[in-house]
Amino acid sequence: MVQSSVLGFPRIGGNRELKKATESYWSGKISQEELIEVGKKIRAENWLLQKENGIDLIASNDFSFYDQVLDLALLFNVIPEQYNKFDLNPLDKLFAMGRGLQRDSIDVTALEMVKWFDSNYHYVRPTFTPTTDFKLPSEDSLIKPLNEYLEAKALGVETQPVILGPISFLTLGKPEKEFLDSLNLLELLPKVLPVYQQLIDKLVAAGAKNIQIDEPVLVLDLDEKTQAAFKTAYETLKLSSANVTVATYFGTVVPNLDAIKSLPVSGFHFDFTRAPEQLEPILEWLSNEKQYKLSVGIVDGRNVWKNNFAKSLEVINKAVAKLGAERVTVATSSSLLHTPVNLEAETKLSEEIKSFFAFATQKLTEVAVLTKAVSSPESVSSELKANEEYVTKRATSKLINNKAVQERVAGVTDAMGRRNHPFPERYAVQKDFYKLPLFPTTTIGSFPQTKEIRINRNKFQKGKISAEEYEAFINSEIEKVIRFQEEIDLDVLVHGEPERNDMTAYFGEQINGYAFTLNGWVQSYGTRYVRPPVIIGDLSRPKAMSVKESVYAQSITTKHVKGMLTGPITMLRWSFPRDDVDQKTQAFQLALVLRDEVKDLENAGINIIQVDEPALREGLPLRSGAERDAYYTWAAESFRVSTSCVEDKTQIHSHFCYSDLDPNHIKALDADVVSIEFSKKDDPNYIREFKTYPNHVGLGLFDIHSPRVPSKEEFITKMGKILETQEYEKFWVNPDCGLKTRGWEETKLSLTHMVEAAKFYREKY
Ligand code: GLN
Ligand code: ZN
């Protein structure tokens, strides 16, 4: 019999209970016991829901109060010294490592947080030293996977504990600072394996029959040593006492297949939604290796679309035909952590759009139906039929298809992605036109989003104030920001973005082809959840989206005001994308929407226009090769299509943060000026890399994540360092990113000091 499996369920609760409880605990409003109870309740609900849906393999240990990688670090005693100095209980230690702690005499910063592969989830990066003392807690009650397994069992739910595997755990971490160059993380393998063994033995002794070990790094480019480490690790571990499934997701495992081909485990899980092309080679291999089961990841754990049953069944049935039903499991592609909890909570979505979606709860049914469809299709005939109807309805829906948009995308030419003249010629015109001083100063766009702004936005959304009143309020905020910038003598001003709640949603709401959820939250990190808009169909812009605010700002000052837009790649990456057309097509549709907006801004007298692309780097495909090369090309092209419709004199800015960027990648955008997050880099090599960048650059001079105010002298030193390598004529002066999360007080001081430092160098050059 084919089995069903779900690799993990969202842990935030259907009404964001976990966020509310955790933040209440942090602010001292509830006790730790109360918080722990909330976690327990969410877990119980999740398990029982899966059981009700008839899922055979239900994950446990997929819950976390902060992050599952951090949980494992804490469990294995991978705890940097500074967190052990204080007598913190395990949960407080977890939070201290995840988000830092400043209380009484305690002052520790958080560990680094990084993106979980190409998802919008972030994990806390474990740090290792040569002497990391891997061990389990002495009391079983502190062994989280064991506890949760037993907790589910007590509820009558047999679960499959999920543990991040040794190779992924080590390679997703990093050496502590002093050991950056000397410690090869895989050297720690012999020390960590006995702890894995103990953990597994304890789970087996408690009754666990199935264990899932995640090795998601198998979808990355791995060097030979890392590949070889799989064999070493899994041959050292004694795993025969349970059914151990090694799981990968988010990509193809095929380039690393040799590394896992003969591992002494019971089976493998692969993601066939993201990498359907791996089916043939995997079936070919497994047909000769009868000891392995195959878990077919086919219900998308990363998106909100209903499954296409007919298409999925093709894949599943191929596997069944080749391997036999006993060896096949039908599964979600990855944990459902990356999808919203329950579509039922969407009371404002139109019935039609709703009928296209499946959130985590609905995906459980999908897994169950697909599983039944293999052995007894008659038992689910009505579901299969309804799904067929959905597929046709969606494909032909007016909400999805817009012929004019499709034709326009098909008609994009190379010329549309090229400015009239190359940068040096444009710059000559711009220099004359703007007459900016050396070291021009600017900001990245947003100014503090005060409580007052949020209250007024809320009132407007709820209809408590009229559109006119709201507009008057926004204008008064814009005026405040403009006057302040004039006062401290910034050179290129911004309107401050008070009208925007979020840089993607704000535009998405004004674009046809987008849908919004009320409750579609997914965890980004810790208690930060995001509610990505959904691209449902061909995208078009009914009217200008940002012109009014920029024009107002420009009308009240004689200085240049920079228009502010979110670029096509960022719009795409921070939304749930369509699964029926490729990402490039969606990016180009967005590019055309933005192109019209850029043109409108230019026509309205906005001469400087910034198109933000903070998500440019994260769109990069996980593996090198053709797909990644193609991305470099189309991502840059989509940006250029958005911005190349303007005259030479119009200055296009772009902005990037969150990641290491290759200057060559940025070069291809051909923006006149780029601003880049830099303040925490402290890396002379990085500056040097930008020396070859042909256009103008502002390396972010201060960290906008912190209320700390750098002094004028600090700015001068920092700029001095950059000036050792960078040409001074290309040098823009700006912060790392937008200031929306900052308070006014520190913003005023930091920017004032920044402008003073720019003036200091103006005198010198
Ligand atoms: N213009 C945006 C802002 O200032 C950019 C934000 C970002 O890069 N994340 O808020
Ligand atoms: Zn930014």
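In this predicted model, the chain has a radius of gyration of 27 Å, which agrees with the value near 27 Å that a compact globule of 765 residues would have. Along the principal axes, its C-alpha atoms fill a box of roughly 75 × 60 × 50 Å. The secondary structure consists of 27 helices and 24 strands. Of the contacts with a separation of 6 or more, 78% join residues 24 or more positions apart.

Buried residues account for 46% of the chain. The largest nonpolar core contains 192 residues, and V6, V296, I316, V367, L370 and M754 have the most contacts inside it. Helix α22, residues 583–603, gives the most to this core, with nine residues. For V296, the contacts beyond four places in sequence are F272, V315, I316, A319, V328, T329, V330 and A331.

Helix α22 also takes part in covering another helix, α20. In α20, which spans residues 547–555, the buried residues are E549, S550, A553 and Q554. These lie on the same side of α20, because they cover an arc of only 130° around the axis. An α-helix has 3.6 residues a turn, so residues three or four places apart point the same way. Besides α22, the cover over the buried residues of α20 includes α18 (467–487) and β20 (560–566).

Ligand 1 is surrounded by 13 residues, of which I444, G445, S446, P614 and G738 are the closest.

Conventions
Residues are numbered from 1 along each chain as its sequence is written. Chains are lettered from A and ligands numbered from 1 in the order in which they are written. This is a predicted model: local features need pLDDT of at least 70, side-chain atom pairs count only at pLDDT 80 or more; totals for chains, interfaces and linings use all residues. A residue is near a molecule or strand if its C-beta atom, placed from the backbone, lies within 6 Å of it. A nonpolar core is a set of buried Ala, Val, Leu, Ile, Met, Phe, Trp, Tyr and Cys residues joined through C-beta atoms within 7 Å. A residue is buried if 20 or more other C-beta atoms lie within 10 Å of its own, exposed if 12 or fewer, and partly exposed in between; C-beta atoms are placed from the backbone. Helices (H or I, at least four residues) and strands (E, at least two) are DSSP runs, numbered from the N terminus. Two residues are in contact if their C-beta atoms, placed from the backbone, lie within 7 Å. The arc is that of the directions from the helix axis to the C-beta atoms. The radius of gyration is taken over C-alpha atoms; the globule rule is 2.2 Å times the number of residues to the power 0.38.
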